[in-house]
Amino acid sequence: MRFLGRVGLVAVVLASHPLGSGIVWAAPSRAAAGEGARRPLADALTGQARSEYEGGRLLFRDGDFAGALIKLGHAYELSHDARLLWNMAACEKNQRHYAKTLTLLQRYQGEGGPLLSESDRQAAAALIQTLSSFVGKVRLTVSEPDAIVYVDGEAVGKAPLVEPLLLDIGKRSLRVGKPGFEDVAQEVMIEGAAETPVNVQLVKRANEGHIIVLAGADDAISLDSRPVGTQRWEGQVAAGDHAIRIQHAGKKTYELALTLRDNETRRLDVTLSPEGTSPWLYVAGATVLAMGAVVGGYFLFKPAPEGTDPSGTLGTAYPALLRRAGR
């Protein structure tokens, strides 16, 4: 019964200032406010701010609390009238976002100034006290600055966080990420009116790429002079320069130097040629990916016969190349 009474207080306090009619303000004395009385929220807003407020009121009455929150938030950005924070808190409360409700109510108290009557402040204080048992705090320490902190998939700030995270009770999903580092994710159980310390150590992500090698049956595959498998091998390796070698008794050894970029995938399809095959034919059959570059390089650096025009070497040899390659 005591728990139900406290939950009921949340509903009663919010209902005391219904969004539909704005907040009813008590008229201040002349000494405090001069000639005019404090104007109701709907009358104080003008232009687009008032239009957004009216749209938010309609959505709230229709039960679209998320949509109403967007409209009211825009009205607040345009007018900076702190009384809108109360109505925004009502939207969050009806979505059971108690931590966000509490934050808005605290801002309402801090920014309201002369716009709030004593009864307004008392109502806010009573609701803040009630909601305090529905939220908890996480004091988060992160090893790297500027890491982005996510709670339940929503970004809530960057490390280092000056204040503890105020979160709804229950199991919350916490994730911290920064470019160049491995993400850290964990679940945290939040208990009401309690503070939980969480320390996150980010580990720098290794710059890696992926290599796939497809060779013939029983062909031995080596990476950087280290045997890694036969016929087929693939794996993650550090970005940078690497040497691939494929060997088989009675066949020409295939060797390739490659530079692997971060997050790059390189695939090599290699068919070894028998011993005695001419170098250019072996290379052309070894890998389709490298054929154009190797064939071009072969003729580029092959000395031209005496008495011939070097510029015609490729043109006269290329048809023979295609015939010998079976094309």
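How many bridges join strand β12 and β13, and in which sense do the two pair? Hi everyone, let's start there. Strand β12, residues 240-247, and β13 pair in the antiparallel sense, over seven bridges. Strands here are DSSP runs of E with at least two residues, numbered from the N terminus, and two strands pair if DSSP finds at least two bridges between them.

Before going on, a word on the model. This is a predicted model, where local features need pLDDT of at least 70, side-chain atom pairs count only at pLDDT 80 or more, and totals for chains, interfaces and linings use all residues. Residues are numbered from 1 along each chain as its sequence is written, and side-chain values use heavy atoms, with hydrogens and water left out.

Back to our pair of strands. They belong to an open sheet of four strands, in the order β10-β9-β12-β13, with antiparallel pairing. At the edges sit β10 (226-230) and β13 (254-260), each pairing on one side only.

Now for the cavity. A cavity is a set of points, on a 1 Å grid over the protein atoms alone, where a 1.4 Å probe fits but cannot get out; lining residues have an atom within 4 Å of a point. Val-138, Val-151, Leu-167, Arg-172, Ser-173, Leu-174 and Val-188 line the largest cavity. Strand β5 (residues 170-177) gives the most to that lining, with three residues.

Methods
On a 1 Å grid over the protein atoms alone, a cavity is a set of points where a 1.4 Å probe fits but cannot get out, and a pocket is an open set with protein on both sides within 12 Å along at least five of seven lines; lining residues have an atom within 4 Å of a point.
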